[in-house]
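Subject: Handing over a structure

Hello,

I am passing a structure on to you, and my notes follow below it. Please have a look at it before you read on.

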Amino acid sequence: MSSSLRRGALAAATIAFSIASLAACGAGNDAQTLEVKPDNAAVSVGTIKVQNALVITQPLTESGSEAAGPAVISATLFNSDIRHAQTLDSITVDGVGTAKLTPAKGKGKLEIPAGGSLVLGGKGNASAALTDPAGITDGNAQKVTFTLSRTGGVSLSAFVVPADSYFTKWGPTSIPSTPAAGSTATGSASPKPGKSTSATPTDAASASATATETGTETGTTTG
């Protein structure tokens with residue numbers, strides 16, 4: 001994808017995500033504003049609605065290339081069933097694999113309360129991380145499948161965007177650091193081929209050995 005087309009796709013995703021977020025915050029889960037279908041990933045299956053789904057990669061480098069490191073999935077899942085809660089059992093991305101799910105607090109599965117919602121991504125929310133996002137390219141649309149305890153699989157195509165501009169607060173929380181140039185590894189190094197591995201005794205060790213030998217010889221003579 002050319003750089004101009006990629007910038008256009010990312011800009012469109014940014015605008016759509018911003019509009020959808022404002023609409024979703026306007027009222028409760030049954031509000032008419034939630035029926036607006038923005039130009040970004042959203043799908044409804046049964047009582048479950050997935051909205052504002054994105055795959056967010058590491059920020060772009062100064063040269064404009066894609067930085068290496070984990071990616072995350074950002075989305076909001078709504079459960080209109082007021083009697084039954086559901087758990088989010090897994091999230092898979094085609095060509096990449098299964099995301100690691102982590103609740104906002106403690107351990108266990110991620111739950112979508114009855115009549116409530118679950119937010120993925122952002123400070124203080126649950127997270128879904130792709131530790132090895134090889135095969136993901138910024139500006140593309142990637143198939144993402146959310147598997148729930150009662151509804152089963154819910155699939156959609158999500159934009160892939162870097163954690164820049166508006167998406168910074170929704171992106172990966174940790175960015176891998178690159179070792180500084182000229183840094184040396186710690187630990188003992190193996191000897192180079194052809195080099196002697198025998199140690200040279202210190203002056204103190206030589207003196208101690210000499211004194212011991214002298215004392216032994218003296219004791220033998222006097223005995």
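A word on burial to begin with: a residue is called buried when its relative accessible area is under 20%, exposed when the value is over 50%, and partly exposed in between, using a 1.4 Å probe and the protein chains only. What you have is a predicted model, in which local features need pLDDT of at least 70 and side-chain atom pairs count only at pLDDT 80 or more, while totals for chains, interfaces and linings use all residues. Residues are numbered from 1 along each chain as its sequence is written, and side-chain values use heavy atoms, with hydrogens and water left out.

**The overall picture**

The protein has two helices and eleven strands; these are DSSP runs numbered from the N terminus, with helices (H or I) of at least four residues and strands (E) of at least two. Read from the N terminus, their order is α-β-β-β-β-β-β-β-β-β-β-β-α. The protein has 223 residues, and 32% of them count as buried. Its accessible surface is about 13300 Å², with 55% belonging to carbon and sulfur atoms; such areas come from the Shrake-Rupley method with a 1.4 Å probe, and for residues only the protein chains shown count as cover. A contact means heavy atoms within 4.5 Å. Among contacts with a separation of 6 or more, 67% are between residues 24 or more positions apart.

**Strands that pair**

Two strands are said to pair if DSSP finds at least two bridges between them. Strand β10 (residues 141–148) and β11 run antiparallel and are joined by eight bridges. They form a hairpin, with three residues between them, and V144 stands opposite L156 in β11. Strand β11 (residues 152–162) also pairs with strand β2 (residues 48–57), this time in the parallel sense over four bridges. There, T57 has P162 in β11 as its bridge partner.

Strand β2 also contains N52. This residue is not a glycine, yet its phi is positive, at about 60°. Is N52 buried or exposed? With a relative accessible area of 6%, N52 is buried.

L88 sits in strand β4, and its relative accessible area of 1% makes it buried. Leaving aside neighbours within four places in sequence, L88 is in contact with L77, L101, L110, L118, L120, F146, T147 and L148. The C-alpha atoms of L88 and S149 are 6.5 Å apart, although the two residues are 61 apart in sequence.

Which side chains meet in a salt bridge? Those of D89 and K109 do, at 3.5 Å from N to O. The pair links distant parts of the chain, 20 residues apart: D89 is in strand β4, and K109 is in the loop between β6 (100–102) and β7 (110–112). The structure holds one salt bridge, the term being used for a side-chain nitrogen of Lys or Arg within 4 Å of a carboxyl oxygen of Asp or Glu. D89 is partly exposed at 35% relative accessibility, whereas K109 is exposed at 62%.

D94 lies in the loop between β4 (86–93) and β5 (97–98). D94 is partly exposed, with a relative accessible area of 41%. Apart from neighbours within four places in sequence, D94 is in contact with Q142 and K143. Its C-alpha atom is 8.2 Å from that of T145, which is 51 residues away along the chain.

Enjoy exploring it!

Best wishes
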